[in-house]
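Please consult the sequence and the structure while reading.

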Amino acid sequence: MTTLMMILGIVVFVVGLLVSIAWHELGHLSTAKLFGVRVPQYMVGFGPTIWSRKKGETEYGIKAVPLGGYIRMIGMFPPGPDGRIEARSTSPWRGMIEDARAQSFEELQPGDEKRLFYTRKPWKRVIVMFAGPFMNLILAVVIFLGVMMSFGVQTQTTTVSKVSDCVIQQSENRTKCAKEDPAAPALAAGLKPGDKIVEFDGTQVKDWSALQSDIRANPGKDVTIVVERKGQRVDLHAHLIKNQVSKTDGNGGYVEGKYVYAGFLGFTPASGIVQQSFDQSVHRMGDMMQNGVESLVALPGKVPALWDAAFGNAPRQPDSPMGVVGAARVGGEVFTLDIPPSQQIAMMLLLVAGFNLSLFLFNMLPLLPLDGGHIAGALWESLRRTAAKVLRRPDPGPFDVAKLMPVAYVVAGVFVCFTLLVLIADVVNPVKIS
């Protein structure tokens, strides 16, 4: 049964992956057609074609390897200086440029002269290239907000799980009380496991993060705490003391190895599945975006640990980069967890949403062959032409993105090597959530 659920989870993730890719390419396709660019092909996947059908001037299809997708637009790059497609030269770098240029014209038909991508105004080309990643961002936001506001997310609540017996500095890393340790303020005040804190110092408690901040901001203060206990409201009085505690990340979580001195009450909050309000969901979504950007910036620094996990005996870090194979494996593992089916569905949806958020951020890097590279080229062309107009100089014409293809091949080579490293790590030392 476990194997069957694992396979089911993998299949569900792969379907979500294909939908995400198709959705991305739909953004490029719809805007390209909107601006009159001819699009001969719309494909989901790479490699041999499994299924295709031509509708109008576009062939729609699915290919065997679900690791990406593409649309083929006529005239992605402008012709050479003489207005013709240049013959291939003996220079390998020049050859890359000419190959890219030739491929962008290889399906040119009579009447296409006014339907070439490079002839569109820069702002239109920016929209076409941005539309793909933007579709992934839309899908990520819709899924994230939908899951948080309907299914809810695992979070710390204002219900008491455990009351501390004494005051211990966090850096001491011990749980047993010594004779000289004073009693915890929560214990002295009569706080009990199961109590739900509804008011703190005259203010209604909304969530754990806000309550934690209020406690930490008031060392040495006498406060009144109102709790719900067995259906009754009970007033408790506590004297908060100053103690060394773990530094927080601003969202109720903790920063490992970092400590601060702040107000201390002395209880552990219970965790549970809590539906989020729209404001809370948007705030969490913003945090995810920030974490995604930070993770992307930190990606090169994680390569050594990834290498050690793939080819050495080092453990795989929980925040280690993960590829499609690893994500599919995690998707399969989600359906084997001993949790309610609703939470399995929620976790799978969050996994797909995270994949779409990663697609958006990654594709916005200003590097060819990514969408961000084409956007950067169009913006540079617009800047050049605007500057020429202001300075009353001749129009420099379209920026030839094909000249950057040697750089694009180097970038693609780096991506391929990194993808292979992640693939090996995902197979021999995968990230596990159980």
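The sections below take up salt bridges, an annotated domain, a pocket and the nonpolar cores.

## Basis of the report

The structure is a predicted model. Residue numbers start from 1 along the chain.

Across the whole structure, the search finds 10 salt bridges. One of them joins Arg115 to Glu57, with 2.8 Å between the closest N and O atoms. This pair links distant parts of the chain, 58 residues apart: Arg115 belongs to the loop between α2 (92–105) and α3 (122–151), and Glu57 to the loop between β1 (41–55) and β2 (58–72). Arg115 is partly exposed, at a relative accessible area of 25%.

Another salt bridge is formed by Asp426 and Arg316, whose closest N and O atoms are 3.0 Å apart. In general terms, side chains of opposite charge can pair when their charged atoms come close.

Glu381 and Arg385 form a salt bridge in which the closest N and O atoms are 3.2 Å apart. The two residues are separated by about one helical turn, because they are 4 residues apart in helix α10 (residues 371–390). Glu381 is buried, with a relative accessible area of 1%, whereas Arg385 is partly exposed at 28%.

This pair is part of a network of salt bridges that links Arg125, Glu381, Arg385 and Asp395.

## The annotated domain

The UniProt record, an unreviewed entry, lists residues 149–231 under "domain: PDZ". In the model, this span is 20% helix and 31% strand, and its end C-alpha atoms lie 26 Å apart.

## The second largest pocket

The second largest pocket has a volume of about 780 Å³. It is lined by 27 residues, of which Ser164, Gln170, Phe264, Phe267 and Thr268 are the closest to its centre. The elements that contribute two or more residues to the lining are β3 (153–163), α5 (208–216), β8 (241–248), β9 (254–264) and β10 (267–274).

Among the contributors to this lining, α5 gives the most, with 4 residues. Sorted by class, the lining of the second largest pocket comprises 12 nonpolar, 11 polar and 4 charged residues.

## Nonpolar cores

The largest nonpolar core has 26 residues, and Met73, Phe117 and Val128 touch the most other members. At least two residues of this core come from each of α1 (2–34), β1, α3, α10 and α11. The most is given by α1, with 4 residues. A second, separate core has 24 residues, including Ala327, Phe335, Ala346 and Met348.

Terms used:
Predicted model: local features only at pLDDT ≥ 70, side-chain atom pairs only at ≥ 80, totals over all residues. Heavy atoms only, no water. Salt bridge = Lys/Arg side-chain N within 4 Å of Asp/Glu carboxyl O. Buried < 20%, exposed > 50% of the residue type's maximum accessible area, 1.4 Å probe, protein only. UniProt positions renumbered as here; feature names shortened; annotations may be inferred. 1 Å grid on protein atoms, 1.4 Å probe; cavity = no way out; pocket = protein on both sides within 12 Å on 5 of 7 lines; lining within 4 Å. Points joined across faces, edges and corners; volume = space filled by probe spheres on them. Nonpolar A, V, L, I, M, F, W, Y, C, P; charged D, E, K, R; others polar. Core = buried A, V, L, I, M, F, W, Y, C linked by side-chain atoms within 4.5 Å.
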